[in-house]
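Let's take a walk through the charged side chains of this protein. Have the model open and follow along.

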Amino acid sequence: MRNLIATLAATTACVGGLVTAEGGNAAAPQVSSSKATTGYTTYTDIAYASGASQALDLYVPNGARGPLPVIVYVHGGAWLGSDKAELKRTLGWEALLDQGFAVASVNYTLSGAAKYPTQIHEVKSAVRFLRSVGPKYKLNGKIGLMGASAGGQIANVVGTSCAVRSLEGTIGVTRTSSCVDAVMDIAGPTDLGTLAAAVPTLSGAVTAYLGCSAGVESCSAAALKSADPTTYLASSRYVPPFLIAHGDVDTVVPLAQSQRFFTALKESCDNVSMYTLAGQDHFFATLGAFLEPFPARTVQTSKGCRKTTTSTEPPLSYATIGKFFSSNLR
């Protein structure tokens with residue numbers, strides 16, 4: 001665990017801090033000057049429910065001709081740190097605004113205060129909230145998720161568990177759908193038991209998240225299965241298209257975690273593309289790998305039950321990411 005925190009701390013020095021605290025629930029708009037070509041309005045600390053950590057920031061491009069789809073960013077931090085401000089430390093994220101998306105970044109309760117599946121319930125609650133306030137913020141109800149690291153695991157479970165009653169929860173708005181229309185998974189773990197075995201420094205983080213009493217060995221098979229997004233592929237009402245990205249030298253979350261998720265989605269005849277990025281470690285997205293010069297990559301794509309195709313193009317740029325979301329949210 002200390003080694004993991006040291007890794008996060010080292011990255012903090014590069015990108016302005018990954019583990020911070022943020023509170024409040026005011027929703028006063030602030031017009032931002034930013035790296036985005038398009039001006040946008042920021043709404044900070046909007047409460048999507050009544051809990052201390054249940055807030056989000058919303059960024060809406062100015063001058064849109066009609067209601068916009070929204071991409072919801074779910075932060076990483078081993079489920080025990082970081083917050084919604086992580087989005088603004090991710091180099092180039094404003095390009096999504098230029099492509100006509102609203103972007104929300106959501107807080108969830110960290111594992112020191114609440115155990116799984118609270119975090120799933122909260123992100124689903126945020127999705128329902130954003131649909132319920134669509135007219136107020138000029139949103140059209142189409143919602144995609146983008147999750148990084150631990151946030152990728154959360155986004156993956158939310159994405160594959162459409163209408164799975166045990167994961168809906170009763171937090172906040174409850175009479176609106178929490179099903180999402182597309183998911184981008186950035187180096188998210190999927191099998192927490194094998195993750196802890198492969199990376200012992202993450203054992204404490206997994207144990208804290210799942211609420212096991214004495215190490216991952218004490219986690220029940222049912223608990224591990226519940227936190228695995230592949231569990232719900234057969235029972236989910238709808239599985240949205242997935243875009244997976246993972247670096248091939250990731251020492252925090254092994255590439256095998258994303259490979260097994262890609263395989264499971266392919267075998268269940270869902271739509272998925274996976275980018276394996278050459279020479280990239282765990283923090284590639286935050287540090288600008290979606291900007292030029294783009295890393296070399298292998299792109300695997302599986303649609304329905306058709307044969308998987310493999311190529312090296314296109315690069316995984318914000319334009320490619322925007323095209324993925326646009327094809328599923330418009």
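How many salt bridges does a search of the whole structure find? The search turns up nine, where a salt bridge is a side-chain nitrogen of Lys or Arg within 4 Å of a carboxyl oxygen of Asp or Glu. Please keep in mind that this is a predicted model, in which local features need pLDDT of at least 70, side-chain atom pairs count only at pLDDT 80 or more, and totals for chains, interfaces and linings use all residues. Residues are numbered from 1 along each chain as its sequence is written, and side-chain values use heavy atoms, with hydrogens and water left out.

Start with Arg128 and Glu168, whose side chains meet in a salt bridge at 3.2 Å, N to O. Arg128 sits in helix H3 (residues 118-132) and Glu168 in the loop between helix H5 (150-160) and strand E7 (182-186), so this pair ties together parts that are 40 residues apart in sequence. Here helices (H or I, at least four residues) and strands (E, at least two) are DSSP runs, numbered from the N terminus. Arg128 is buried, at 1% relative accessible area, and Glu168 is buried at 16%; buried means under 20%, exposed over 50%, and partly exposed in between (1.4 Å probe, protein chains only).

Next, look at Glu313 and Arg297, a salt bridge with its closest N and O atoms 2.9 Å apart. Glu313 belongs to the loop between strand E11 (309-311) and helix H10 (318-329), while Arg297 is in strand E10 (residues 297-302), 16 residues apart. Glu313 is partly exposed at 46%, whereas Arg297 is buried at 14%.

Finally, find Asp45, Asp57 and Lys84, which are linked in a network of salt bridges.
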